[in-house]
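Please look over the protein shown below before reading on. The briefing that follows is arranged by topic, so that each group of points can be checked against the picture.

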Amino acid sequence: QGGGAGENGSWGNGSDSTGGEGDESCTRNMDCEASLWCNDVEVDEWCALQLAHGMCPPPACVPGPTGEPDDPTPEVNCTVNRDCDVNDLCEHPLLDEWCQLAGASGLCPAPHCVSLPDDP
């Protein structure tokens, strides 16, 4: 009856967090619209530790099978947001490459990057 997140608490429950057969993982949520920690690599280890306790707390973590996903994330045509009123890094020399790499991963993190329509 104690407090805190437990098996039936707000952090998740056993059926959502673990597969019971060792084929599940708890990893960082890479969806930056859902998780403020999407770019924090230290969250990877934290999520794995949570799984060891039978939890996979959203929104920082998401459960899923280990290994490569069956459906790869589609690429996004992503480039630097050149509006310096919105993007304080608009003239940073490495931002072009960073936005392109994010786009290759299916992301286009605002306000530093903007997605462009795909070429027909």
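## Salt bridges and overall picture

A search through the whole structure, which is a predicted model, finds 2 salt bridges. The protein has 3 helices and 4 strands, and from the N terminus on these elements run in the order α-β-α-β-β-α-β.

- Asp96 forms a salt bridge with Arg82, where the closest N and O atoms are 2.7 Å apart.
- Here too the pair links distant parts of the chain, with Asp96 in helix H3 (residues 95–104) and Arg82 in the loop between strand S3 (78–80) and H3, 14 residues apart.
- Asp96 is partly exposed, its relative accessible area being 30%.

- The pLDDT of the protein averages 74, and 72% of the residues score at least 70.
- Over residues 1–23, however, the pLDDT is below 50, although this stretch has 27 contacts in the model beyond near neighbours in sequence.
- The protein has 120 residues, of which buried residues make up 24%.
- The accessible surface of the protein comes to about 8500 Å², and 51% of this surface belongs to carbon and sulfur atoms.
- Among contacts between residues at least 6 apart in sequence, 59% join residues that are at least 24 apart.

- Which residues of H2 are buried? They are Val43, Cys47, Gln50 and Leu51.
- Seen down the axis of H2, these buried residues fall within an arc of 100°, so they line one face of the helix.
- On the other side of H2, Glu42, Glu45 and Ala52 are exposed.
- Gln50 has a relative accessible area of 13%, and because buried means under 20%, Gln50 counts as buried.
- Leaving aside its neighbours within four places in sequence, Gln50 is in contact with Met55 and Pro57.

**Nonpolar cores**

- In soluble globular proteins, nonpolar side chains tend to be buried together.
- The largest nonpolar core has 7 residues in all, namely Cys26, Val43, Cys47, Leu51, Cys56, Ala60 and Cys61.
- H2 gives the most to this core, with 3 residues.
- A second, separate core has 5 residues, among them Val80, Leu95, Cys99 and Cys113.
- Ala60, which is a member of the largest core, is in contact with Thr27, Arg28, Asn29, Ser35, Trp37, Val43, Trp46 and Cys47, if its neighbours within four places in sequence are left aside.

- Gly64 is found in strand S2 (residues 61–65), and with a relative accessible area of 14% Gly64 is buried.
- Although Gly64 and Thr27 are 37 residues apart in sequence, they are 7.7 Å apart in space, taken from C-alpha to C-alpha.

**Backbone features to look for**

- Most residues other than glycine have a negative phi, and most peptide bonds are trans.
- Just after H2, Gly54 takes a positive phi of about 80°.
- A cis peptide bond joins Pro58 and Pro59, with omega about 0°, and Pro59 lies in the loop between H2 and S2.
- Another cis peptide bond joins Ala110 and Pro111, where omega is about 5°, and Pro111 is found in the loop between H3 and strand S4 (113–115).

Methods:
Residues are numbered from 1 along each chain as its sequence is written. Side-chain values use heavy atoms; hydrogens and water are left out. pLDDT is the predictor's confidence in each residue, from 0 to 100. Contact means heavy atoms within 4.5 Å. A salt bridge is a side-chain nitrogen of Lys or Arg within 4 Å of a carboxyl oxygen of Asp or Glu. Helices (H or I, at least four residues) and strands (E, at least two) are DSSP runs, numbered from the N terminus. Buried means under 20% relative accessible area, exposed over 50%, partly exposed in between (1.4 Å probe, protein chains only). The arc is that of the directions from the helix axis to the C-beta atoms. Accessible areas come from the Shrake-Rupley method with a 1.4 Å probe; for residues, only the protein chains shown count as cover. A nonpolar core is a set of buried Ala, Val, Leu, Ile, Met, Phe, Trp, Tyr and Cys residues joined through side-chain atoms within 4.5 Å.
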